[in-house]
Amino acid sequence: MLHLPTTSLKPATVVTVPCAIHHSSSVVTLTRNVEGSVLQRTAQHVANSWRQRLGIHIGRRLAVRANAAPATAPSELYTVVEAGKPHPLGPSKTNRGVNFALFSRHAKSAKLCLFNVDAQQIAEIECRRTGDVFHVELVGLPGAGVRYGFKVAGDGGWDTDHRWAPGRVLLDPYAPLVSGRRKFGVRDAVEQFKGRDGSLFLGSYDFESAPYDWGSDYRRPGHALKDLVIYEVPVRCFTADASSGLPQQQRGTFAGLAAKAPYLASLGVNAVELLPVFEWDELEFRRSANPRDHMTNVWGYSHINFFAPMSRLASSSAAGAGPEAVAREFKDLVKSLHAHGIEVILDVVYNHTAEADDKDPYTLSFRGIDNKTYYMIDPEQHVKLVNWSGCGNTINANNPTVTQLIVDSLVRWVEEYHVDGFRFDLASCLCRDDRGRPMAAPPLIRNISKHPVLSQVKLIAEPWDIGMYQVGSFPNWDIWAEWNGRYRDDMRKFIKGHPGMKRAFATRLAGSADLYNNNNRRPYHSINFITAHDGFSLYDMVSYNEKRNDANGEGNRDGTNDNFSWNCGAEGPTTDPGVTALRQRQIRNYLVALMMSQGTPMIVSGDEVGKSHGGNNNWYGHDTAMAHLQWSEGEPQRDNLLRFTSELIKFRRSHPALGREHFLSPGDITWHEDNWHNDESRFLAFTLHHREAGDIYAAFNAHSFSVAAPLPRPPAGRKWCRLVDTNLPPPKDFTPGGNAGVDSAYSVQAYSSIILIAKPL
């Protein structure tokens, strides 16, 4: 241990002191404060570090040069280095300071690196190892405002399963907060960008702020899954456009979305499904020259951490104040939505990370800490990283350590941020073992399903990856819902007039019992959707036969080709009034089918106003008007569609015949159909029965000609009244409460749908 003189030293002073070190006398540069008693603490730390690195040999002497202290000296941050403890992982508050613990089964060493708020490194401390965890405690370290990372080294080169990057500062997988560049899509000095190596992201924490004030009258909405109408929305794109009417600093942020809570409530939705909000690098495509180096990732399906809200989705004032303020702004968003009766579901990406593949690696965290633990590896392949996500790597989710990481992350979002549920992106990836082989009862899914906290929130799987399709068969423990991809495809095909789809269309309307009527599953476990973020918007689905993805830089090869779309007679923008009118009918037909179906409906942000992405069905990388929602009011077509959608959603939520708890029995529905096996038949009508609220009659005509439909006799003491006719011009397309009544037969026009309600005489 070094014992330096306690007298003050001037910068560049050299002193020679006894030390225990294997090498001969050397000169070590101290970037610390060298005044008074602080000097000895600094000396002790340096000696410990150098003894571990260079070995022990008594009798040597060491020359130490005292340098001027940096802006924030380590001696101002902590006083003593202790061994610390291996649990809990991540940073944790102790009685005397902060403990740091990092899991790495295969590493040989780990160093904790401390930084100031401007990402300038100010300390590097060797960690002690206990089992598979490296740890250290810094006595006196502040409980907030510190940035940190790790340098991790191990044995084995590129030909092994390991991907060590010993000189790179890596982000702690358990970092509760993350600090990076401060403005969305704009590089700055803080990130220390280095070309292909990318940017620096550091962990942070906050043990000092007072608990967030949720309010004495605060309540979570607590909606049942069967009662939800979900609104899928990308935070950045929702309010980034100037037409949102928000101040510049709030556009495209959590605060911007919170400001629009009244709009969402007026629309009638009672849950938002936020595209990813965990930290990601929106400039990941710009590390080097490539066909996508013009793109900015606005969707966020490329996490670098599972615990921290995306710092650049906060308003500029919060982002500038640091990750603690970002966390508060996200809580403000949740609180605002809850106050309007709207639940918050997070789209979470635990299937892969931004660290890519071995062809173009982006080592940020997991890869350099313990690649073999965190990712699926096939040692028998030349390309060892298994890629069932299609994004270069696949998280080894059923490794016990990774399973615990994911569970801890989910619990934090529920308990700390009060979110109401999760939609798991490419959830079939979470059903594979360490080599990517399918598992019938994956431990991660079982642990989530049995967890006392997580089993009580909404759990929604996207039940596929690039090698498995598990719609209707996802391991579910009777509580998981699924994005029903078969619903999407069958509904699109029937409404556009595809032959032979009547029976499938009826099955989807009735709740997809062929997929979900088993064990204790219910109709609401089917998340019904016509469109989602990936794919055509509803307007583009009736305007384009082919995708238009050239702007993505991949020669129009990206994005799905199976759109089941129909342009209604003209490709893309048109001034033809007939085509325009047909498109508006078709949009309404899809919305009617969605809201009349048993199951849980989901619509996509922008569909309620006819948002177009110009035919691009994979617009993840465009921080432009192509992706941003336009809020300009006063355009009749837009406003009329918004009114129609809102009224339809409110009707759906108000009528107990829709969104039922159980699958339909013969007494719940009457099909007015005797032509089931005619593949050329494109007309379907049915009545949903409800004694107290009254019956609902619905008919869908996907023919190019009108169909005269004889109406069933209404219940005693009631009459049929028109609620919806998509062929009628606004505002007659939706008549709140129904019109005065209709005749005993109804002519359902070509490519139109109707809803009639049985009202008291």
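1. Let's start with Leu346. Setting aside neighbours within four places in sequence, Leu346 touches Leu274, Val277, Phe278, Phe330, Trp413, Val419, Gly421, Phe422 and Arg423. Keep in mind while browsing that this is a predicted model.

2. Several of those names come back in the core listing. The largest nonpolar core has 178 residues, and those with the most contacts inside it are Leu114, Leu274, Phe330, Leu346, Phe422 and Phe424. Helix H14, residues 577–596, gives the most to this core, with ten residues. As background, nonpolar side chains tend to be buried together in soluble globular proteins.

3. There is another core, lying apart from the largest one. This one has 20 residues, including Ile345, Val471, Ile527 and Phe663.

4. Is Thr600 buried or exposed? Thr600 counts as buried, at 0% relative accessibility. Beyond its neighbours within four places in sequence, Thr600 is in contact with Leu225, Lys226, Leu228, Ile230, Tyr524, Ser526, Ile527 and Asn528. What does the side chain of Thr600 reach at 2.9 Å? The backbone oxygen of Tyr524. For a sense of distance, Thr600 and Lys502 are 98 residues apart in sequence and 21 Å apart in space, C-alpha to C-alpha.

5. Now the sheet. Five strands form an open sheet in the order S22-S23-S24-S28-S26, with antiparallel pairing. Strands S22 (669–671) and S26 (718–725) are at the edges with a single partner strand each, so one side of each has no neighbour in the sheet. From one strand to the next, the twist averages 20°.

6. At the S26 end, seven bridges join S26 to S28 (residues 752–760), and the two run antiparallel.

7. Last, the cysteines. How many disulfides are there? The count comes to zero, with a disulfide taken as two cysteine sulfur atoms within 2.5 Å. Cys127 has its closest cysteine sulfur in Cys113, 8.7 Å away, so that pair is too far apart for a bond. Cys431 has its closest cysteine sulfur in Cys429, at 8.9 Å, again too far for a bond. As for burial, Cys127 is buried with a relative accessible area of 8%, and Cys431 counts as buried at 0% relative accessibility.

Terms used:
Residues are numbered from 1 along each chain as its sequence is written. This is a predicted model: local features need pLDDT of at least 70, side-chain atom pairs count only at pLDDT 80 or more; totals for chains, interfaces and linings use all residues. Side-chain values use heavy atoms; hydrogens and water are left out. Two strands pair if DSSP finds at least two bridges between them. Helices (H or I, at least four residues) and strands (E, at least two) are DSSP runs, numbered from the N terminus. Axes are lines fitted to C-alpha atoms, for helices over the stretch in contact, and angles run from 0 to 180 degrees between N-to-C directions. Buried means under 20% relative accessible area, exposed over 50%, partly exposed in between (1.4 Å probe, protein chains only). A nonpolar core is a set of buried Ala, Val, Leu, Ile, Met, Phe, Trp, Tyr and Cys residues joined through side-chain atoms within 4.5 Å. Contact means heavy atoms within 4.5 Å. A polar contact is a pair of N or O atoms within 3.5 Å; within protein, one must be able to donate a hydrogen and the other to accept it, and residues adjacent in sequence count only if both atoms are side-chain atoms.
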